Amino acid sequence: MRPPKFRKVLVANRGEIAVRVIRALRELGIASVAVYSDTDRDSLAVRMANEAVHLGAAASSESYLAIEKIIGAAQRTGAQAIHPGYGFLSENADFAEACERAGIVFIGPPAAAIRKLGSKTAARRLAIAAGAPVVPGVQKPVLDLDDARHIAAEISYPVILKAAAGGGGKGMRRVNTEGELEAGLRDASSEAERSFKSSEVYIEKLVTKPRHIEIQILGDRDGHVIHLGERECSLQRRHQKVVEECPSPVMLACPELRHAMGEAALRVARAAGYYNAGTCEFLVDEHRNFYFLEMNTRLQVEHPVTELVTGLDLVHWQLRIAAGESLALQQEDIHFRGSAIECRVYAEDPEQNYMPSPGKILGLKEPSGPGIRIDSGVYPGWTVPMDYDPLLAKLAVWAEDRPSAIRRMLRAVREYSVTGIQTNLRLFQEILEDTHFDAGLLHTGFLDEMMARRGRGEEQFEMHDIAAIVAAFHVARQQPQRTAPSAERTSLWRSAGRTEVMR
Ligand code: MV4
């Protein structure tokens with residue numbers, strides 16, 4: 001293999017993904033530079049990197065989102081490239097362009113593709129032009145209630161209202177009948193305004209009980225693009241993925257669906273002039289019709305399940321493509337073997353409606369043995385900060401088939417022990433022992449239904465709860481020795497008539 005073009009790469013991220021990228025750099029003989037905020041001074045990534053540069057205060061705006069600080073760190077350390085990980089600046093076209101202007105390689109897609117695919121409406125138009133199926137709907141924002149009535153009648157109920165300026169479920173409302181439309185439009189618009197500073201919403205046909213299945217894409221700068229199969233990501237809580245797996249159980253019953261979705265994803269990627277790693281998200285209905293939702297222009301959290309089943313190292317390929325190498329893989333070279341499942345281990349308190357549970361990790365016992373992979377960003381004695389997403393680690397397993405993978409994951413979860421903070425580990429045991437999960441009967445409402453079956457529906461917060469939580473934050477903020485949760489990390493919002501504290 002040709003020697004790497006990069007001698008040194010800066011990792012512009014934190015936690016488990018920073019450790020993951022540093023490990024890939026070590027294997028390729030490339031020096032690593034970590035960047036860190038005040039609260040991450042003793043982080044595992046800082047300990048493992050060859051060099052580390054302090055960015056500033058815990059607030060992301062002062063650290064992991066501070067474009068000029070990060071580029072300055074790369075210039076001062078002589079890094080030839082920057083890996084953005086996921087989240088933070090990983091899908092920020094301005095950052096990608098700032099890197100290129102500074103003569104630093106952005107390890108990801110071209111800024112033009114990030115910009116093109118970053119707008120949901122532009123991505124939908126691009127997908128339609130590329131011949132990828134999209135959900136029936138009208139992408140232009142509704143003008144008023146009459147316009148909404150007309151569009152919804154044309155699409156036919158049930159419909160879904162979505163915020164034009166953002167995603168992730170905020171500003172989304174299901175409307176079953178015309179009688180519900182006025183209230184739905186009012187609620188969706190006001191939440192869209194609060195969340196995205198734009199009250200514009202548009203209407204789509206509701207896909208009932210959909211699966212959320214995504215296709216991994218890998219392309220080089222010469223326009224050669226392949227897909228690496230699918231990931232089943234339907235197990236989500238409040239639009240946060242919890243358990244992912246590869247292959248999707250639905251593909252085992254319908255392998256031609258993988259080919260059709262893979263081809264659609266490739267058409268979107270080619271139309272966008274895409275290269276490096278990316279992911280096309282789809283909804284799949286109960287009749288196995290699939291609909292393009294959006295394309296994520298970054299490496300995903302859940303990439304390990306694809307790596308386990310294909311045997312490829314996606315971060316290695318990202319680095320090689322960014323260094324100008326051609327993708328020496330053809331579609332026929334991609335084979336899928338066995339089954340992989342990933343559980344995202346969060347510092348969350350199941351007794352407090354999965355509120356973040358920061359604090360010092362007193363004890364840590366991680367599972368091991370055949371087919372176990374742990375991508376962790378923590379160690380015993382590390383204090384999980386309240387400033388960022390509380391992901392501790394990803395536990396992934398591989399086995400010859402899905403039933404074996406479920407058994408192996410159950411064994412691994414039972415071996416996993418974290419003391420000093422609360423975690424969501426017990427939730428995985430419930431999921432893995434659930435007969436509907438075992439049968440592969442997955443859809444985006446699965447976890448809500450499973451919890452309802454177990455008599456533990458999502459708790460609702462009353463406004464007096466909110467007042468108590470806000471007061472607690474205020475008190476915490478007054479304590480000199482503690483940093484209160486940063487505003488950008490935790491926000492309260494109303495959704496579908498209930499109020500939840502959301503990360
Ligand atoms: C939908 C849908 C059903 N029908 N669109 C949620 C956030 C954004 N990614 C799109 N989402 C959805 N769009 C139509 N026409 C259901 C969802 C949805 C969802 C999608 C993927 C993963 C989890 C989800 C949880 C709730 C709703």
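## The ligand and its surroundings

In this predicted model, the ligand is surrounded by 16 residues, and the closest of them are Lys162, Glu204, Lys205, Val207 and Gln236.

Of the 510 Å² of accessible area that the ligand has on its own, the protein covers 88%.

## Where the shell comes from

The elements that contribute two or more residues to the shell around the ligand are strand 7 (159-163), strand 9 (201-205) and strand 14 (290-296). Why can the ligand be said to lie between domain 2 (136-205) and domain 3 (211-453)? The reason is that both of these domains give residues to the shell around the ligand.

## Cavities in the protein

The structure holds five cavities of 30 Å³ or more, and the largest cavity contains about 150 Å³ of space. Its lining is made up of 21 residues, among which Arg14, Gly15, Asp40, Gly377 and Trp382 lie nearest the centre of the cavity. Helix 1 (15-27), strand 2 (31-37), helix 2 (44-48) and strand 22 (391-399) are the elements that give two or more residues to this lining.

The lining of the largest cavity divides into 13 nonpolar, four polar and four charged residues. Because domain 1 (8-107) and domain 3 (211-453) both give residues to this lining, the largest cavity lies between those two domains.

## Backbone features in the loops

Most peptide bonds are trans, and most residues other than glycine have a negative phi. Against that background, a cis peptide bond joins tyrosine 157 and proline 158, with omega at about -5°, and proline 158 sits in the loop between helix 7 (145-155) and strand 7. The peptide bond from cysteine 246 to proline 247 is also cis, with omega near -5°, and proline 247 belongs to the loop between strand 12 (240-246) and helix 9 (249-253).

Lysine 209, although it is not a glycine, has a positive phi of about 45°, and this lysine is found in the loop between strand 9 and strand 10 (211-219).

How values were computed
Residues numbered from 1 in each chain as written. Predicted model: local features only at pLDDT ≥ 70, side-chain atom pairs only at ≥ 80, totals over all residues. Heavy atoms only, no water. Near = heavy atom within 4 Å. Areas by Shrake-Rupley, 256 points an atom, 1.4 Å probe, with all protein chains shown as cover. Helix = DSSP H or I, 4+ residues; strand = E, 2+ residues; numbered from the N terminus. Domains from an automatic or database assignment. 1 Å grid on protein atoms, 1.4 Å probe; cavity = no way out; pocket = protein on both sides within 12 Å on 5 of 7 lines; lining within 4 Å. Points joined across faces, edges and corners; volume = space filled by probe spheres on them. Nonpolar A, V, L, I, M, F, W, Y, C, P; charged D, E, K, R; others polar.
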